[in-house]
Amino acid sequence: MLEERAYWLAWLKVEGVGAVLSQRLYEHFGSLGKAWEASAGELREVEGVGPKLLGAIEGRRSHLDPEKLLKDCQDKGFQFWIPPDPEYPRLLLEIPSLPPVLYYRGQVQLAENQGKTPLIGIVGTRNVTEYGQRWARKLSTTLAKHGFTVVSGLASGVDAIAHQSCLAVGGRTIAVLGTGIDVIYPRSNTHLYQQIPKQGLILSDYPPGTPPEAKNFPPRNRIIAGLSRVVLVIEAARRSGALITARYANEFGRDVYTLPGSLDQPQSSGCLELANKGAQLILGEKELIEALGEIPQLDQMTPPPAPPPDLPPHL
């Protein structure tokens, strides 16, 4: 398995190979190690591998040492899962753009990875109102006290409040980054970044050292949605990144709940739009916990037949 893990790292060093194509290679050859050794003719049989990509593959294979990549990763203390790993989060295996390499820091709980402990996503605007702050805090605290794990994106605003509220009551929280696992963004959340691994997890599918770039965050949101059984949108303007998370949640067959707000508040416009399109309203802490108690056990679920979304080049 060590050799196979090395090849997952190596394939992602090839420009043009991301989440979707690496999965196709794995399914076609049964091993990314075998794919790495395959001839040009064999690689052409994989959908998406054309002349340009073949040239990139040949160029990288001649200069990359997969085992060295793995050793460097281990020497620097970076831990990661690949889809064949038994610990790889089960719900992520259902999505069409599953992360080929998922880096992690913190305390792993297999019940979360296996889907036995439900994960609830909480997302929203960075420019959160006092009303939004209050409800983000209330809902995160209540979920943590009832044994749910809260997933968010370590951004300012709603995300930070969700993480902080869980930690404050001894709950579990997972932060999914749009940077490398070793890059703190925003810097104002440095303390939070340091605290989360003591009670939860930090995840990223970007290679260590990846800086914060605007194009990295929409793909990050698919992981928040993919991990979660339910996504709560606290406050979101019409062009908020939280709506991207909600869109992914819908594509992946997850329930979306939204906090009702005022027509006078721009931060509520996206939430009202979600409600108009069928998202369920958050009507209170008690009502939410009762609704979450009705979600089916994971073994009763069947993966939704979702087509691959239109994803950025990273994927």
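The structure is a predicted model, in which local features need pLDDT of at least 70 and side-chain atom pairs count only at pLDDT 80 or more, while totals for chains, interfaces and linings use all residues. Residues are numbered from 1 along each chain as its sequence is written, and side-chain values use heavy atoms, with hydrogens and water left out.

**Helix α5**

- Helix α5 spans residues 51–61; helices are DSSP runs (H or I, at least four residues) and strands are runs of E (at least two), numbered from the N terminus.
- L53, L54, I57 and R61 of α5 are buried, meaning under 20% relative accessible area with a 1.4 Å probe, protein chains only.
- These buried residues fall within an arc of 105° seen down the axis of α5, so they line one face of the helix; the arc is that of the directions from the helix axis to the C-beta atoms.
- On the other side of α5, P51 and K52 are exposed (over 50% relative accessible area).

**Cavities**

- The structure holds two cavities of 30 Å³ or more; a cavity is a set of points on a 1 Å grid over the protein atoms alone where a 1.4 Å probe fits but cannot get out, and lining residues have an atom within 4 Å of a point.
- The largest cavity has a volume of about 120 Å³.
- It is lined by 14 residues, of which P89, E112, N113, L119 and L227 are the closest to its centre.
- The second largest cavity has a volume of about 70 Å³.
- Residues lining the second largest cavity include R126, Y185, F217 and R220.

Methods: 1 Å grid on protein atoms, 1.4 Å probe; cavity = no way out; pocket = protein on both sides within 12 Å on 5 of 7 lines; lining within 4 Å. Points joined across faces, edges and corners; volume = space filled by probe spheres on them.
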